[in-house]
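Biologist: I'd like to learn how to read a model like this one. Can we start with pockets and then turn to helix packing?

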Amino acid sequence: MWLHVLVFFTTFFFMEFMAWFSHKYIMHGFLWSLHADHHKKDHDSWFERNDAFFIFYAVVSIGCFLLWQHNILEIGLAIGLGIFAYGLAYFLVHDIFIHQRFKLFRNANNRYAKAVRRAHKMHHKHIGKEHGECFGMLIVPLKYFKN
C-alpha cells in the first residue's frame, strides 16, 4: 500500500519535469506545429491543436491502468493515477485558471496564483518557438513570487 502511495506522488511530481521537458524540447521543438496556435491563435475554434498533448498523456495513463488490470505491472494503477492527477492539476491551473477557457477561479489572488500567472505571462510574451522561458507549470521560479 505505501509503495503505491509513494509511486503515485513520485509520478505526480515527475510529471512536472515531463511537462517542462516536453514543453521546452518537444512543443517548442519538432512539434511546434501543434503548439503554435496556443501562442498565436490562428483559428476560431475553442479547441487548439495544442490539446493533442493532453490526449497523448491520457493514452499513457490509460495504458498504465490496463497494464495493472491485466496483472502485468503491479504499480500501473499508481502510475496511471499519478499521471491523471497531474493532468487534472495542469488542466485546472493552465486551461481554467490562467487561460480562462472556463470562467472559474477568476478571483484567486494569493502569492502562488500571482506567481503562476506572472511566469506564464513571461512564457507567452514570446509568440515564436525560440527564446522561451518558464516551461514548467506548477513549480514556479522564486523570482515570480515578488509582490
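Modeller: On a 1 Å grid over the protein atoms alone, a pocket is an open set of points where a 1.4 Å probe fits, with protein on both sides within 12 Å along at least five of seven lines. Grid points are joined across faces, edges and corners, and a volume is the space filled by probe spheres set on the points. Here the largest pocket comes to about 430 Å³. One caveat: this is a predicted model, where local features need pLDDT of at least 70 and side-chain atom pairs count only at pLDDT 80 or more, while totals for chains, interfaces and linings use all residues. Residues are numbered from 1 along each chain as its sequence is written, and side-chain values use heavy atoms, leaving out hydrogens and water.

Biologist: Which residues lie nearest the centre of the largest pocket?

Modeller: Lining residues have an atom within 4 Å of a point. There are 23 of them, and F53, F54, Y57, G87 and Y90 lie nearest the centre. Helices are DSSP runs (H or I, at least four residues), numbered from the N terminus. The largest share of the lining, eight residues, comes from α4.

Biologist: And what is the lining like by class?

Modeller: Ala, Val, Leu, Ile, Met, Phe, Trp, Tyr, Cys and Pro count as nonpolar, Asp, Glu, Lys and Arg as charged, and the others, Gly among them, as polar. The lining has 15 nonpolar, eight polar and no charged residues.

Biologist: How many helices and strands does the chain have?

Modeller: Five helices and zero strands.

Biologist: At what angle do α3 and α4 pack?

Modeller: Axes are lines fitted to C-alpha atoms over the stretch in contact, and angles run from 0 to 180 degrees between N-to-C directions. Helix α3 (residues 52–69) and helix α4 (residues 76–98) pack at about 155°, their axes 7 Å apart. That makes α3 roughly antiparallel to α4 (the label for angles over 145 degrees). Contact means heavy atoms within 4.5 Å, and the residues making it include F54, Y57 and W68 of α3 and G87 and Y90 of α4. By class, this contact has 13 nonpolar, four polar and one charged residues.

Biologist: How do α1 and α4 cross?

Modeller: Their axes come within 8 Å and cross at roughly 45°. So α1 is oblique to α4, oblique being what remains after under 35 degrees (roughly parallel), over 145 and 65 to 115 (roughly perpendicular). Among the residues that meet are F8 and F12 in α1, and I83 and Y90 in α4.

Note on methods: Helices (H or I, at least four residues) and strands (E, at least two) are DSSP runs, numbered from the N terminus.
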